[in-house]
Amino acid sequence: MFSRLTQLTRHLYRPPFTRQSASFASSSPLSPSRGLAPKMTSSAVGKTIHTAACLIIGDEVLGGKTVDTNSAFFARFCFSLGIQLKRVEVIADEEDEIIEAVRRMSKNYDFVVTSGGIGPTHDDITYESISKAFGLKLKLHDDAFARMKKLSKPHPGQPNFDWDTPSPALTAKLRMVEIPHDENIPLEQQAVFVAEDMWVPIAVVNGNVHILPGVPRLFERLLDNLRPSLLPRLVNPEGKGIYRYLFSTPLPESAVAPYLTELAAKTAHKGIKVGSYPRWQKKRNTVTLVGTDKEFLDSLVEEVEREVQGKRVSTEDELDTPSDDEGIAHSQ
């Protein structure tokens, strides 16, 4: 019924022909300019998650109209689970940009999240573009559509809207539940519902690309609810995450640089990352140790404090005094 309804609504409502729509029609997954689109595989399904990447899709972010908070939330999410976030990109609502980025990220990282471009309007092309990236077709997800009808509240601006009557408004809503589909993979692996009171699915493509909305409250809640299903796939299944140790030092970076170089070399086998961060117009700078082995990190505290003539702190401004703002920065 739903597939017939989709065809009927499209027949009754076709958006006006534009240069943009013409370019979509001419750039199929088999376009010579892109090469043959790779077929979706299930090799990434259930794979241990070491690395992650985040793709923010939206002209409004690039144009300065909207401030991206989703990548920062995702960074904290990955950090809390011990996942190494390797890349964050912001790209335009352009098919070629989405196709290139999502293919590359899916190939290079274990856990990929996209944000934005899955709404009801003409410029919401994420589902369509990711489908083309992996040689798939869009298909109405019956369960998502049923949940949408059940959980969506009537909009005061659409008093006469009817779910069973073809209309431009219905066509727009259907865009949000037509997701990339591979007939060779179980449906439950391609769309995940993580909350009973939310109709929005997390569409999963190529086993590791997770398509999320750009609305921060939805993005955040969906990710939080996805957490339990990710835990068994982590390097540390307990999800203890990554630890960050901060050290406040009065020394300039040039003074601590030789020691930090040696420290980074001798702790690399434990996956420890050593960092140094100048604090502009402050009398104290910050040295950081980041890693997953808490016991090993604890064993380094006394040495680091001694070598940088500093102290481990909870926040980098912990040892600041009111007079620090008047001092010259010890950044270099």
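This is a guided tour of the structure above, moving from its sheets to its salt bridges and then to its helices.

The model is a predicted one, in which local features need pLDDT of at least 70, side-chain atom pairs count only at pLDDT 80 or more, and totals for chains, interfaces and linings use all residues. Residues are numbered from 1 along each chain as its sequence is written, and side-chain values use heavy atoms, with hydrogens and water left out.

**The six-stranded sheet**

Begin by selecting the six strands that form an open sheet of mixed pairing, whose order is β2-β1-β3-β8-β7-β6. Because β2 (84-91) and β6 (191-192) stand at the edges with a single partner strand each, one side of each is left without a neighbour in the sheet. Helices and strands here are DSSP runs numbered from the N terminus, helices being H or I of at least four residues and strands E of at least two, and two strands pair if DSSP finds at least two bridges between them.

Next, select β1 (residues 51-57) together with β3 (residues 111-115), which run parallel and are joined by five bridges. To follow one of these bridges, show A53 and look in β3 for its partner, V112. In a regular strand the side chains alternate between the two faces of the sheet.

Helix α4 (residues 70-81) lies across β1, β2 and β3 and runs at about 170 degrees to β1, while helix α9 (residues 216-230) lies across β3, β7 (202-205) and β8 (209-212) and runs at about 165 degrees to β3. The axes behind these angles are lines fitted to C-alpha atoms, for helices over the stretch in contact, and the angles run from 0 to 180 degrees between N-to-C directions; contact means heavy atoms within 4.5 Å.

Move on to β9 (residues 243-249), a mostly covered strand in which five of the seven residues are buried. Buried means under 20% relative accessible area, exposed means over 50%, and partly exposed lies in between (1.4 Å probe, protein chains only).

**Salt bridges**

Then turn to the charged side chains, among which the count comes to 13 salt bridges, a salt bridge being a side-chain nitrogen of Lys or Arg within 4 Å of a carboxyl oxygen of Asp or Glu. Select E89 and R104, which form a salt bridge with their closest N and O atoms 2.6 Å apart. This pair links distant parts of the chain, with E89 in strand β2 and R104 in helix α5 (residues 95-108), 15 residues apart. E89 is buried, at a relative accessible area of 14%, whereas R104 is partly exposed, at 24%. Widening the selection to R87, E89, E100 and R104 shows a network of residues linked by salt bridges.

The next pair to pick is K132 and E95, whose side chains meet in a salt bridge at 3.1 Å, N to O. K132 lies in helix α6 (residues 126-133) and E95 in helix α5, so the pair ties together parts that are 37 residues apart in sequence. K132 is buried, with a relative accessible area of 11%, and E95 is buried as well, at 5%.

For a further example, select D320 and R279, a salt bridge whose closest N and O atoms are 2.7 Å apart. D320 belongs to the segment after β12 and R279 to the loop between β10 (273-277) and β11, so that the pair links parts of the chain 41 residues apart. D320 is partly exposed, with a relative accessible area of 21%, while R279 counts as buried at 9% relative accessibility.

Return to α6, where seven of the eight residues are buried, including Y127, I130 and A133. Following this helix, G135 has a positive phi, near 65 degrees.

Finish with α10 (residues 253-267) and α11 (residues 294-307), which pack at an angle of about 165 degrees with their axes 12 Å apart. That angle makes α10 roughly antiparallel to α11, given that angles under 35 degrees count as roughly parallel, over 145 as roughly antiparallel, 65 to 115 as roughly perpendicular and the rest as oblique. To view the contact, display Y259, L263, K266 and T267 of α10, which meet F296, L300, E303, V304 and E307 of α11.
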